[in-house]
Amino acid sequence: MAPNDVAEHGHRAIIHDPAQHAPLEKVACRAFGGTSHWWGGNCNPFLDCEFASGEWPIPYGELAQWYPAAAKFLGCGSNFINEVHPPAVGRDGVFLDGISRQAAFPRDLSLTWQRQAEAQSNLHVVLWAEVVGLNYGQGKKVSGVRACIAPSAELHHFSAGTVVLAAAGLGTTRVLLAEQMRGAEFEGGRHLGRYYMGHLTGTGSKIRVQPESTGWGVRSPEEGEYIRERLLVGPNGFGQCHSTAFWIGNFPLWDAEHRSGGKSAKYLLGKVAKTLKISSTDEALDSRLGLQRTEWRPHLANIKKRPMDAFVTVVRTLRKLLSGGLQRLPDYPQPERDGTYALWYHAEQLPSAENVVQVEGPVALNSLPPLSIKFSFSDEDVSLTVQAHLRLKKVFNESGSGISMPDFDPDKLAERIRKNAYDGYHQIGTTRMAATPEKGMVDENCKVFGVDNLYVASASVFPTSGHSNPTLTVVALAQRLAAHLSNKKTKAAVDLRLTEADGI
Ligand SMILES: Cc1cc2nc3c(=O)[nH]c(=O)nc-3n(C[C@H](O)[C@H](O)[C@H](O)COP(=O)(O)OP(=O)(O)OC[C@H]3O[C@@H](n4cnc5c(N)ncnc54)[C@H](O)[C@@H]3O)c2cc1C
């Protein structure tokens with residue numbers, strides 16, 4: 001069976017604002033290896049300054065010590081500090097620079113780890129099983145889980161001394177919400193499903209820069225992986241805890257702002273191929289190309305202005321496709337006609353009590369209910385992202401570094417950021433970590449408050465979304481949890497296990 005073959009049931013959800021949240025079958029892959037079948041492989045750590053708000057109940061160092069092992073697991077390099085400093089960095093203490101690393105191919109973790117998993121005599125993998133609920137033992141303990149194994153609806157009971165739910169942000173939350181509806185009382189239960197977060201991302205403005213002379217851009221493969229330099233506009237020192245990462249890139253194909261006849265032709269070609277069902281069904285690629293979007297008029301206008309460019313690109317693309325397909329590589333930044341580059345942002349979404357994931361009762365014992373997802377970006381999220389652009393522009397334009405940002409209208413930028421605001425790919429916050437059940441659902445060891453042996457390994461435990469894509473931190477916290485559960489409290493123990501595994 002292919003990924004998602006048995007997923008129909010698990011993907012049932014009512015999404016209240018489909019313009020801001022993707023359908024579940026596009027954002028969660030039901031298969032061994034999970035959503036790594038589709039993810040983009042970008043790895044970024046949280047930064048020290050993002051823990052200053054005090055929302056996380058653990059000190060930053062407690063998480064950061066696990067990043068090297070997590071990077072190793074994901075197949076990306078572990079140095080996230082930029083050695084080549086763009087000239088504007090460091091002003092006012094608000095700019096930090098770093099690099100985003102991309103996991104080496106293959107990014108599908110089931111391919112990387114399948115052999116090691118099979119070699120473990122004490123690991124039993126049950127494929128096509130859907131956990132539908134928890135079983136309870138003596139006192140404040142769970143005794144295991146119940147699951148249906150497709151295609152049968154028959155219940156199977158799996159007993160366990162410790163249960164770790166690792167079914168992605170929304171999947172894990174669904175199991176716990178179903179249990180709550182069946183009568184389970186969790187001490188931090190009122191936080192369950194609340195403060196759902198993702199990120200705002202897209203291209204908002206332009207930047208004039210010489211990547212070769214500043215060293216800012218995308219570097220060549222280093223030990224098989226790609227590195228992208230970025231700047232961070234972090235918490236501003238005036239009590240505002242919000243961060244945005246920026247990097248130089250290209251306007252996405254779907255964004256007619258690139259004004260290129262060739263790119264517009266390529267985009268429309270992709271849409272036609274998708275409509276005729278002759279293109280790839282790779283969700284990550286579809287979302288990168290923006291094939292779910294519907295704007296086509298501005299693209300036709302670009303083609304009309306530059307028909308030769310469009311014609312040459314279509315011929316080249318078709319030739320590449322016929323000679324073995326297009327290779328999925330990171331976009332090397334290429335200047336637009338006016339010498340500028342697109343400036344990409346990836347910004348934090350603030351926790352909001354309005355963003356809630358729920359289930360409706362009554363809930364059967366042998367199935368999971370559909371999710372009801374209320375998720376939207378607030379005006380404050382948009383406004384803080386605009387402010388980050390303005391702060392970056394001020395520093396660049398005053399630095400005399402040769403890097404500058406052309407003028408932009410903040411209201412138009414806000415409109416663009418609002419239009420781009422769309423997530424569901426990063427499922428953060430719905431079982432938030434806190435020091436006490438008054439503030440969150442799981443404790444600092446990711447244990448569900450009030451249950452002695454039930455844990456969560458997922459981005460749903462993050463109490464803030466930060467600026468970065470979540471997976472590196474998901475894996476770092478999972479490794480920290482593994483060490484905690486095996487009573488091997490040092491990271492060296494887990495490092496050693498990783499080193500012993502072939503090829504990593
Ligand atoms: C298109 C796309 C691009 C992305 N790009 C990036 C990126 O570049 N960088 C980044 O950091 N993140 C990226 N992400 C997010 C990233 O994929 C997730 O952060 C990551 O996969 C989360 O890991 P996880 O193990 O928590 O969940 P998943 O990888 O989704 O794994 C969850 C597993 O649980 C199983 N499951 C679910 N429900 C049940 C149940 N009830 N019973 C039994 N099993 C169940 C699923 O089958 C699956 O195997 C991207 C996501 C998408 C969709």
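Visitor: Hi! What kind of model is this?

Guide: Welcome! The model is predicted, so local features need pLDDT of at least 70, side-chain atom pairs count only at pLDDT 80 or more, and totals for chains, interfaces and linings use all residues. Residues are numbered from 1 along each chain as its sequence is written.

Visitor: How many helices and strands does the protein have?

Guide: The protein has 14 helices and 15 strands. Helices (H or I, at least four residues) and strands (E, at least two) are DSSP runs, numbered from the N terminus.

Visitor: New topic: what share of the protein is buried?

Guide: Buried residues are 43% of the 504 in the protein. Buried means 20 or more other C-beta atoms within 10 Å of a residue's own, exposed means 12 or fewer, and partly exposed is in between, with C-beta atoms placed from the backbone.

Visitor: Why is strand β12 described as largely enclosed?

Guide: Eight of the eight residues of β12 (residues 341-348) are buried, so the rest of the structure largely encloses this strand.

Visitor: Which strands pair with β12?

Guide: Strand β8 (residues 199-207) runs antiparallel to β12, joined by eight bridges. Strand β11 (residues 244-249) also pairs with β12 in the antiparallel sense, over six bridges. To pair, two strands need at least two bridges found by DSSP. In β12, W344 stands opposite T203 and is also the bridge partner of W247.

Visitor: What about the largest nonpolar core?

Guide: That core has 68 residues, and A70, L74 and C446 have the most contacts inside it. Its largest share, seven residues, comes from α13. A nonpolar core is a set of buried Ala, Val, Leu, Ile, Met, Phe, Trp, Tyr and Cys residues joined through C-beta atoms within 7 Å.

Visitor: Which residues does A70 touch, leaving aside neighbours within four places in sequence?

Guide: A70 is in contact with L472, V475, A476 and Q479. Contact means that the C-beta atoms, placed from the backbone, lie within 7 Å.

Visitor: Last one: is Y60 buried or partly exposed?

Guide: Y60 is partly exposed, because 16 other C-beta atoms lie within 10 Å. Y60 sits in helix α2 (residues 60-64).

How values were computed:
Two residues are in contact if their C-beta atoms, placed from the backbone, lie within 7 Å.
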